[in-house]
Each structure stands twice: as C-alpha cells, then as structure tokens.
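Work through the exercises below with the coordinates open. Each task is followed by a stepwise solution.

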Amino acid sequence: MADQEKQYIIVHSAKYETTYTKKYLNRKVWEEPNFNLIKSYIPGTIIDVLVKEGQVLNGGESIIVLEAMKMYNDVQMPFKGKILKIHIEKGQKIPKNFVMIEIEPVV
Amino acid sequence: MSLKRSILDLRKRKDEVRLGGGEEAIEKQAAMGKLTARERILAIVDEGSFHEYDMFVEHAGTDFDMGNKVLAGDGVVIGTGTIYGSPVCLFAQDFTVAGGSLGLSHARKITKIMDHALKMRVPLIGINDSGGARIQEGVNSLAGYGEIFFRNTLSSGVIPQISVILGPCAGGAVYSPALTDFVFVVENISKMFITGPAVIKSVLGEDISMEALGGARVHAEITGNAHFYALSEKECFEQIKTLITYIPWNNTQKAKSFPPQEPKTKLKIENIVPSDARLPYDIRDIIKSITDSSEFFEIMELFAANIVIGFGRMNGETVGFVANQPMVLAGVLDCDSSDKAARFIRYCNAFNIPIITLEDMPGYLPGVDQEHAGVIRHGAKILYSYSEATVPKITVIIRKAYGGGYIAMNSRHLRADFVFAWPTAEIAVMGPEGAANIVFRKEIAEAANPEAMRQQKIQEYKDKFANPYVAASKGYIDEVIEPQETRKILLHALQISTHKDVPAPAKKHGLPPF
C-alpha cells in the first residue's frame, strides 16, 4: 500500500484512507436518461426502419423492427414526437444502448 | 476360462477403461497443463484410498452412428476415497473421452455418486472438465443436467458440496457448481460462462477471449462465482484438502478437532490498529493474532475484499470469521460484500461452525450505482443471515460501528451471544463528522467562523459519543476489553456457547431477500 498513491473513501463527511477495488474503479457513473434518444435495449439486427426524418408520429406507433434473440421486436414511439435523425439502416447489426433514432416531443 | 485367465481378462478390461480417450488425447490434455480425470482424483485423496465404480458403464446414444462408438466409462470417473482419513465421494469428468460431454449414462454415474454421498452423509467433490451437453444424445443430456441440479439442491446444507472447475464448464453445466458450497478455479485452465465468446461475437459483435469472459481470475475477482483461486492444479488440490480439514462431514456433525495451538507470538495485537479511525490496516493481521498457530484460511480473497471471510481454529475447533477490511474501500458494506458475508454466515450456520465477527466499518458505500444495484436487498441478506443463525455468534468491535452497519454486523439486537468492544470502539448512529454537521447545523451556520465551530462541535461529539461506553451503559455491549485479552475472552465465550440451544418458530423455510 505504501508505494502507491493514497486513495480515500468519504462516508458521512469523514474521509478514510484506503485502497480501491478494480470493480469500484470500473463502476458506471450515473447519467440522467435522455428520453429523446431511442436506444437499443438489446443487441440485434435492424430488420426495417418504418419512418423518415421529419415525420411526426403519435406515441405507440411502430418505428423500427429490431431482431434480437430470434424475435422481431416492435420498437415504438414513446410519446408524440418528430423524427429528427435516423442513425441506422436496414440490415445493420447494433450493440446494446446504440442510439438508433433521435426524436423531439411535439405538443 | 480358468480363474487366472479371468483375472487377467478383468485387468485388461480395466486398463482399457483407464486409458480413457487414448494416449493421443491424454497427451493433448497434458499439453494444456491439465492432468487426467483419474490423476486429479488420486492427487486429492489419501494414497491407496480411492475406489472407482461403474467403470464398465456404456453410453446410451443410438442416433448419429453413436451405437458403434465406445466411450470409456462414458467420460466420467466416479468413486470414493478419504482425505486425511475423512471419507469423500468424488466424480471427475474425463475430457479425453468425447470432450467430457454429458450424456445419459455419464449423468447417471454422477447422480449415482451424488445419491451415495447424501445417503452416507459425506462430502461430495465434483471435478468439471466438459464441453457440455452431448448433442448426439439430445434431450437426454438436458435431463441429466436437471437430475444433477436437483440433487445439488437436495444435498445443500446437508453434506458439503465442492466443485472444481478444471477445464471448460459452459452453458447449463455451470449451474451445478453455482448450486454447490465452494467453487475452485485455476488460472488459464478454468472457464465458466453461460454464452461463449463465439455467440457473443455473432450477436453483439463484441470480441472477447474465453479467459477475459469467464476465466479463473474473472470469477474469483469480478463475478464472485469462485471461492478459491489457484495458479496450478497442484495448488488447487492443496486448497481442497485444507478446506476439508475445516468442515464437518455433514450437518449433524462438528468439524474435526485438532490439538490446540497458541498464536505465533510475533503478532502483537495492540500494534496493528492505528488510533486514528480514518487510517487503514489489514484486519487479517488481527485474525491471525487470535487464531491457533496464527493460521487463517481465507475464502473469496479477491472478491469484495472490503469484507474478509474464512476459517481459523480456536483451541483446535473450527471457527468462521467475518471481518470488515479497512484496507479496502474503508471496509464499507456494499452489495457484493453483503452477498459474500451472508452466504458464508449461512454456510457456518448450516454446518455447526461458530461465527466470530470483527467489526470496523464506517457504514454503507454511498453511490447511485450501489442504490440502483439493490444495496437495500443485498444489505438485508446480512441482517437475515445473522438473525437466522443459531450457532454461537460472537462480535468484537475494534473501532467504528456506525449506523445500519452496526446493527448488521451481528449486533446484540440480532441476538449475538456475546458482544465485546475494544476501548477504541466507536458505537454511534454515524461518525462524528456527519453527526456534528446535522445536530449542530444551526450553530455552525450562525457562527462567526463556521469551520472553527464545525471542528469544535465534531470534537464535542467525539468526546461524548465516539466510545464504547454509551452502548455499554445500555447493555448493548457485554464487556469492554483490552485488545491483548481478545483471544482469551473469545475462547471463554466459545466454551460457554458449546451447547447453545435456541428455539425458533416452526416454518417450511424463510424468505431471505435473494
């Protein structure tokens, strides 16, 4: 411990000298979710893109067909909104949390 | 056939089976740094004690031309033996025979020895080295796994179950080890995963090696699936033999007694702990200054190292230790450390091993990642396990015992049998810094020099509450002790608890938060 930089943990305003674990160092930092980004919740293949940029749709309307785990998943508009940008094309393989489409709410 | 000829014939038959998948396959196995199934068993058990059964069992496959194939012992070795004189049942999958793949007969041999272990109430050791289900035998392979999982569960808490991963163990096969008490892994040899690198690459496009995905180190440090990590098979076998000396044959027995030994005198207990509660030290040095011969057999050393668990002996009897580790993450409780400690407490309780808890922790680890990972339900596992345990439970508070962590770490309120505290103990709702900020918020804000006032109030709080005497005045602590008395007092407490008997309400089983 002596030959490495000192590490600290703060609990209830008190600062404790200690060492970190690999898992602690690699922990995910929380980010405010952005509901205007339609991200893939599972990795898969884009079977079809059902919308075009500029189009306005109601919540619940289908926008993408994403094949994952041997299933065709129907990706829908989360609320009434406009399609701003499409980042995917038919046949594309995408990982998890990939930003597929950007939208903005329409009142 | 004359008797002599029939004996020679028997020997020839056995020798053929012992050759497993043949010399070429054995050479391949050796090239990977791996012993064969029989060599492994012989390296674990006492010399001359192993007896193998079902050598002549044949595989049950008929489809895909399997009918013509001969698979020696159907790719698995089963038998009984002793370790330091203690009886054990064993099975070892033979990778040289059809990749150790599991078909119906292979599974039946395993379940036969499992049934035997449960019936005889002796430990079961399973050595896994298998490519997985034998595809040619289809749904019979799946049935085989299911029968194994069922028996793992049935035996859980009755006989010790030990899994040794000495090769691939993939897909459904990993669930048998996961259901057992202790999992041993070896660097570069053990591989465990549900979905392998090839599938991950084709589905996710993520390129990862087998070692990085589910190698020994990953399971010992990141996932917590493995309890013991070794650099070679030889080291692994020594670990297994040592473990066997610390645990009983079954849940109605106590672990074997050894001649009592004093700790090594060079460990001076009062020199280990810094008086400033914010400075770290290695809690294992305290454990070693208490145990017989200063020996401590640590479990899950690399995973959630902010809590330390393992076995030691006190006057020759096995004791389980649960101790916060200030050296790592300040010894906080978090999801992983709660999970690790809770399972160990339940293990000790199931197998009649008294638990000594050494406490020095500032509370729970703050962070969104912890809250969202379910630190509430994981943390609750510790409360549940300690409350449920009826074996002797003794706590020594070394320094910090704050807030919810104080309650969780085998407090009087969860029915600890004895709670001792060093004079350096601080039993309080939180540390002085945090408490002063809340209690004296107004005075601090209104002071001409808020920082000076804060320091003054922290000191005031420290003087009044950061000690063991407030809790002792309420009877929450039985005795404030001098550090060098710790072993003597623990031995006395263990002696008094020998015939502990506490009634519990009848129930089918509880519902721990997992």
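**Exercise 1. A strand pair and its sheet**

Solution. 
1. The model is predicted.
2. The strands involved are β5 (residues 161-165) and β7 (residues 182-186) of chain B, which run parallel and are joined by 4 bridges.
3. Now widen the view. The open sheet has 7 strands, ordered β1-β2-β3-β4-β5-β7-β9 in chain B, with mixed pairing.
4. Its edge strands are β1 (51-53) and β9 (228-230) of chain B, and each pairs on one side only.
5. Ignoring direction, neighbouring strands of this sheet are turned by 20 degrees against each other on average.
6. Helix α4 (residues 104-120) of chain B packs on the sheet. It touches β2 (76-83), β3 (86-93) and β4 (124-128) of chain B, and its direction makes about 20 degrees with that of β2(B).

**Exercise 2. The helix next to α4(B)**

Task: describe how α4(B) and α5(B) pack, and list the residues that meet.

Solution. 
1. Two numbers are needed, because packed helices are described by the angle between their axes and the distance between the axes.
2. For α4(B) and helix α5 (residues 139-155) of chain B, the angle is about 10 degrees and the axes are 9 Å apart.
3. Angles under 35 degrees count as roughly parallel, so α4(B) is roughly parallel to α5(B).
4. From α4(B) come Leu104(B), His106(B), Ala107(B), Ile110(B), Thr111(B), Met114(B), Asp115(B), Ala117(B) and Leu118(B). They meet Asn140(B), Gly144(B), Tyr145(B), Glu147(B), Ile148(B), Arg151(B), Leu154(B) and Ser155(B) in α5(B).
5. Sort the contact of α4(B) with α5(B) by class: 9 nonpolar, 5 polar and 3 charged residues.

**Exercise 3. Is β11(B) enclosed or open?**

Solution. 
1. One side of β11(B) holds Ile307(B), Ile309(B), Phe311(B) and Arg313(B). The other holds Val308(B), Gly310(B), Gly312(B) and Met314(B). Both faces are covered.
2. Strand β10 (residues 297-299) of chain B runs antiparallel to β11(B), with 3 bridges. Here Ile299(B) stands opposite Ile309(B).
3. Strand β12 (residues 317-324) of chain B is also antiparallel to β11(B), joined by 8 bridges. Phe311(B) has Gly320(B) as its bridge partner in β12(B).
4. The hairpin of β11(B) and β12(B) has 2 residues between the strands. Asn315(B) takes a positive phi near 55 degrees there.

**Exercise 4. A helix crossing and a chain contact**

Task: characterise the crossing of α16(B) and α18(B), then find what α16(B) gives to the side of chain B that touches chain A.

Solution. 
1. Helix α16 (residues 432-439) and helix α18 (residues 450-465) of chain B have axes that come within 8 Å and cross at roughly 115 degrees.
2. The range 65 to 115 degrees counts as roughly perpendicular, so α16(B) is roughly perpendicular to α18(B).
3. The crossing is right-handed.
4. Pro432(B), Glu433(B), Ala435(B), Ala436(B) and Val439(B) of α16(B) meet Arg454(B), Lys457(B), Ile458(B), Tyr461(B) and Lys462(B) of α18(B).
5. By class, the contact of α16(B) with α18(B) has 6 nonpolar, no polar and 4 charged residues.
6. Turn to the neighbouring chain. In total, 25 residues of chain B are in contact with 22 residues of chain A.
7. The elements giving two or more residues to this side of chain B are α7 (197-204), α9 (216-223), α13 (368-372) and α16 of chain B. α16(B) gives the most, with 3 residues.
8. The residues on this side of chain B divide into 16 nonpolar, 5 polar and 4 charged.

Methods: Residues numbered from 1 in each chain as written. Chains lettered and ligands numbered in written order. Predicted model: local features only at pLDDT ≥ 70, side-chain atom pairs only at ≥ 80, totals over all residues. Axes fitted to C-alpha atoms, helices over the stretch in contact; angles between N-to-C directions. Parallel < 35°, antiparallel > 145°, perpendicular 65-115°, else oblique. Left-handed = near helix turned anticlockwise from the far one by under 90°. Contact = placed C-beta atoms within 7 Å. Nonpolar A, V, L, I, M, F, W, Y, C, P; charged D, E, K, R; others polar. Pairing = 2+ DSSP bridges. Buried ≥ 20, exposed ≤ 12 C-beta atoms within 10 Å, placed from the backbone.
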